Amino acid sequence: MKYCLITLISFIILLNNSYAQSPSGAIDSLIKYGVITSKERPVLERELKDRGHFSNQVAILAGLESIMLQKKFHVNPHKTGIMISYSGNYPKKTQRDSANRSLNLLLTKINKAGLLTNRVYNYTRESIDSSRFMVELQLIGALAEMSARLELLAPQRLLPIAEQLHKNGIVNDSSFLRLENDIRERKIESISQLSEYWQLSKTINIDKYPNDLHLLLEQIHRDIASILPGLNFTDFSYTETPDTSLSIGKIPATRFKISFNCNGRVYKHTFVSLFYKNREGKIHFSNIELGVFHRIFNKVLADQQSPLRLNSVIFSRPYVADNDSQYTTTIALRGEQAEVFMTDPTLSYMIVGMENYDNTLTSAKIDSTIATWKKIGLFAHLTKAQIDTATDNAIADDWFSMNRLLTNFPGIIYRSDSAWMDPRHPYANLLKHLGRITHGVFTPTNISQKKVKGNTELKYSYRGKVHSHIFNMANGWLDTKFPKLLKSLSMENNLPGKFYQLDFDDVIYLTQQQYDYIVKNNLLEIAEVTSGKIKQRH
């Protein structure tokens, strides 16, 4: 009797998660019920051929969405990218009720064709009754999305991820048992739900916070601070400055600088967001999913010499429910735990932001390094006010490297990729800016760039002498001869200092005394030019 009961239960579960008809029969039903015409049948058959690892039913639903997109917008979504946003409501109840009846009828026809599981059908019907959908295209898109997502979150796919998280201590023993059970019972409908089983994590719903900017920012930071002991803070404040360089249309970008006192020290962090209020007057941050709020605490953890860092978790879109966009998840991880999110099977479903686990990059180290940079004359061209502002900006920047912090001080480092802002004359543009960071030491004139026999010739004059360099731009404008150019500029012009390449093709000009002191005291990471190759010095 027990065997029969187990078999019956298994059959019911299988029935609930399977479909009733063959692909051909499902298409026949869609034609019979008037959802599509017989002429549109080839569209669905093409989707079936290209369905990849998805089921026939998901492929047919995707084909239905393609047909409706072509009818509505006259585009082929496989050839033309398209993004649709639905907003608004029905001003009259009669209009809403009429639309809901039409949508329910369409849902019933698609369900009769055997394309939906009971879960998808019931959830969608409840959504229609709550007036979530406005038009048929929106409904079809939701059916295709949810059906595909639930297939991607099937137990055979999620259980290896759960085991990987458990093995690496991200999920403890008791939570792992719950997670295993919930996965087998198909309770996971969005990959973001996995965060509910993690240790040392916090998921924030931005919609639940006060609609007052100061209160919102402070409360978000307090909630993130609760993930680990020792992160409580006082004296929270912030400044906001418009950043037109990153604005999009009429939506202004805002540069926020957060400040608070933790364990007797003031910490600061800067982030940029497209910050605005939506139609309902609710505060909105454009990049909340990137987790811009946690990095200030990693400065505290570095000072504490902790092996942990706070990481933002980015869940891959195909596995996330549509209503998850207002959430951001932060988790405390050791370095080796963070690597779990960068390897399969977890990597396909979610990743964590890159954080610096170097505990030598502390507040004290940064303070002393900036003081030493000033001592050896790197800031000689700056006023006291400029130095003070740049120092504050450096302290508020992300602490990824000393090289990055130095970029906050104007006129010291030149980003060589910025030369491409003048695509017709990148080398000429580069040479002009290299001269500027020497602050009067190297002043080239008559700078020109032209094509010569398929190559690019850079010419300039200095102290009455004409110099010429040839570059091959076949593999990009920054030729492999670039390091040699930096070296030759100093030698052929008898300069008292040299140009050195830092990481990401940044360039700095240093006297020999500055270079020796920086290398000896490990104040920057400088790439040395050796036989035309770059050798990184740490």
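Q: Which backbone nitrogen lies 3.2 Å from a polar atom of the side chain of Gln 449?
A: In this predicted model, that nitrogen belongs to Ala 428. The Gln 449 side chain also has a polar atom 2.9 Å from the backbone nitrogen of Tyr 427.

Q: What makes the pair formed by the backbone nitrogen of Tyr 427 and the side chain of Gln 449 a polar contact?
A: The cut-off for N or O atoms is 3.5 Å, and this pair sits at 2.9 Å.

Q: Where is Gln 449, and why is it called buried?
A: Gln 449 belongs to strand β10, residues 445-452. Its relative accessibility is 13%, and buried means under 20%, so Gln 449 counts as buried.

Q: Is Asn 359 buried or exposed, and how do you know that?
A: Buried: its relative accessible area is 19%, and the cut-off is under 20%. As for its place, Asn 359 is in the loop between β8 (350-352) and α13 (363-375).

Q: What does Asn 359 touch, leaving aside its neighbours within four places in sequence?
A: Asn 359 is in contact with Leu 301, Ala 302, Gln 305, Ser 306 and Arg 309. With Arg 309 there's also a polar contact between the side chains, at 2.5 Å.

Q: Why does Glu 126 count as exposed?
A: Exposed means over 50%; Glu 126 comes in at 56% relative accessibility, so it counts as exposed. Glu 126 lies in helix α6.

Q: How do you know that the span of helix α8 is close to the expected one?
A: Helix α8 runs over residues 155-167, 13 residues in total. At 1.5 Å a residue the expected span is 18 Å, and the helix reaches 18 Å from its first C-alpha to its last.

Q: Which residues of α8 are buried, and what do they pack against?
A: The buried ones are Pro 155, Leu 158, Leu 159, Ile 161, Ala 162, Gln 164 and Leu 165. They pack against α9 (173-184), α12 (335-340) and β8. After α8 comes Gly 169, with a positive phi near 75°.

Q: What makes up the largest nonpolar core?
A: This core has 34 residues, and those with the most contacts inside it are Leu 30, Ile 110 and Leu 143. At least two residues each come from α2 (23-32), α3 (41-49), α4 (56-73), α5 (93-112), α6 (118-129) and α7 (136-152). The largest share, eight residues, is from α7.

Q: What does Ile 110 touch, not counting residues up to four places away in sequence?
A: Ile 110 touches Leu 30, Leu 61, Leu 64, Leu 115, Leu 116, Ile 140 and Leu 143. A second, separate core has 32 residues, including Phe 256 and Phe 271.

Q: How many residues of the protein score at least 70 in pLDDT, as a percentage?
A: 85% do, and the average pLDDT is 86. Over residues 1-18 the pLDDT is below 50, and that stretch has four contacts beyond near neighbours in sequence. Residues 529-538 are also below 50, with 23 such contacts in the model.

Q: What is the overall make-up of the protein?
A: The protein has 18 helices and 16 strands. Of its 538 residues, 46% are buried.

Notes:
Residues are numbered from 1 along each chain as its sequence is written. This is a predicted model: local features need pLDDT of at least 70, side-chain atom pairs count only at pLDDT 80 or more; totals for chains, interfaces and linings use all residues. Side-chain values use heavy atoms; hydrogens and water are left out. A nonpolar core is a set of buried Ala, Val, Leu, Ile, Met, Phe, Trp, Tyr and Cys residues joined through side-chain atoms within 4.5 Å. Buried means under 20% relative accessible area, exposed over 50%, partly exposed in between (1.4 Å probe, protein chains only). Helices (H or I, at least four residues) and strands (E, at least two) are DSSP runs, numbered from the N terminus. Contact means heavy atoms within 4.5 Å. A polar contact is a pair of N or O atoms within 3.5 Å; within protein, one must be able to donate a hydrogen and the other to accept it, and residues adjacent in sequence count only if both atoms are side-chain atoms. The expected span of a helix is 1.5 Å times one less than its number of residues. pLDDT is the predictor's confidence in each residue, from 0 to 100.
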